[in-house]
Amino acid sequence: MVKIAETCLNVLYQHGLSSAQFQFCFERAKHDLLANDMACDAIVAEVMQSMDDHPDAATLFRLLLAEARMGIENDSPYGKAFLENAEKAIKARIATGTGEPLHRLKIAGLYRRAGLPVPDILMLDPVGENPADEIPMPDLDGALAALAADVEAEGGGAYEFFSGLDEMSAGMPEDAKAAFVHQLLSLDNPFLERCALYWLVSGASLTREAVAAGLRERLMRGKLGPETLSYLPIIRGWLPASSGRAVIDDIGKLALRQRSRRRSPQQQGGADSQRHHGDHR
């Protein structure tokens, strides 16, 4: 591995991301890491082997992606050069058979976390993949438990949980992402409802439709929380005219009918009581 990249990874491994030692090392090395195509290739190689086995390489790569984004925003040539070098390195390793689809999803999440568009080479393409292989969906129980633990450890809430799920699905084509979100909403986890509201606001049309359908199904199962229901009329006003917005309108109508049916026996009981008292007069 290129010496400068190896040094940064060693300091990160020994002292941790928030340590003064690593911060000092990274500040000194980041411009060279962005500009050096061999260093970029070495880091990508570590990440592509397995993010689970090389978490420090993934962390360093994410930091450099964020620096590259800021460099582009500030008209620095290093930012664009790093992203081009990274994409070439990723493409070369995928061509050799490195990078399973689920692993590529995780790398796509690093781009999303850095505020960058996901390169096409990382997007899972059902046409380009082996026809015998289905697009992998993350193990939801394990993935949600791990994500919840990370969010809780960092003192995060619903938005951080949503951001983690959004990163997890960053490399999915839109129809697969919509199916993933819909599957999430089928789980009896009220925390996911708040995440669904963020997708309603920020998701693409297919994802919004999947969220709306999932919320309607939760309502029909009696699992849609009143707080979530109260936010829908507000969010509905932000949505463009679409089938997703039509489903949100339908949820409101169904909720009103359900409330009316729940009140009717009580009202009927009150009316019977009034008639009963009137008979005695």
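This is a predicted model: local features need pLDDT of at least 70, side-chain atom pairs count only at pLDDT 80 or more; totals for chains, interfaces and linings use all residues.

Biologist: How many helices and strands does the chain have?

Modeller: The chain has 13 helices and zero strands.

Biologist: What share of the residues of the chain counts as buried?

Modeller: Of the 281 residues, 42% are counted as buried. As for the surface, the chain exposes about 15400 Å², and carbon and sulfur atoms supply 52% of that area.

Biologist: What do residues 24 or more positions apart account for?

Modeller: Among contacts in the chain with a separation of 6 or more, such residues account for 69%.

Biologist: How is a pair of aromatic rings described?

Modeller: One gives the distance of the centres and the angle of the planes. This structure holds seven aromatic pairs. In one of them, the ring centres of Phe61 and Tyr111 are 6.0 Å apart and the planes stand at 75 degrees, so the pair is edge-to-face; the cut-off for that label is over 60 degrees.

Biologist: Which parts does the pair of Phe61 and Tyr111 tie together?

Modeller: Phe61 belongs to helix 4 (residues 55-73) and Tyr111 to helix 6 (residues 101-113), so the pair joins parts that are 50 residues apart in sequence.

Biologist: Are Phe61 and Tyr111 buried or exposed?

Modeller: Both Phe61 and Tyr111 are buried.

Biologist: Which residues do ring pairs link into a cluster?

Modeller: The cluster consists of Tyr159, Phe162, Tyr198 and Trp199, linked by ring pairs.

Definitions and conventions: Residues are numbered from 1 along each chain as its sequence is written. Side-chain values use heavy atoms; hydrogens and water are left out. Helices (H or I, at least four residues) and strands (E, at least two) are DSSP runs, numbered from the N terminus. Buried means under 20% relative accessible area, exposed over 50%, partly exposed in between (1.4 Å probe, protein chains only). Contact means heavy atoms within 4.5 Å. Accessible areas come from the Shrake-Rupley method with a 1.4 Å probe; for residues, only the protein chains shown count as cover. Rings of Phe, Tyr and Trp (its six-membered ring) pair if their centres lie within 6.5 Å; planes under 30 degrees apart count as stacked, over 60 as edge-to-face and the rest as tilted.
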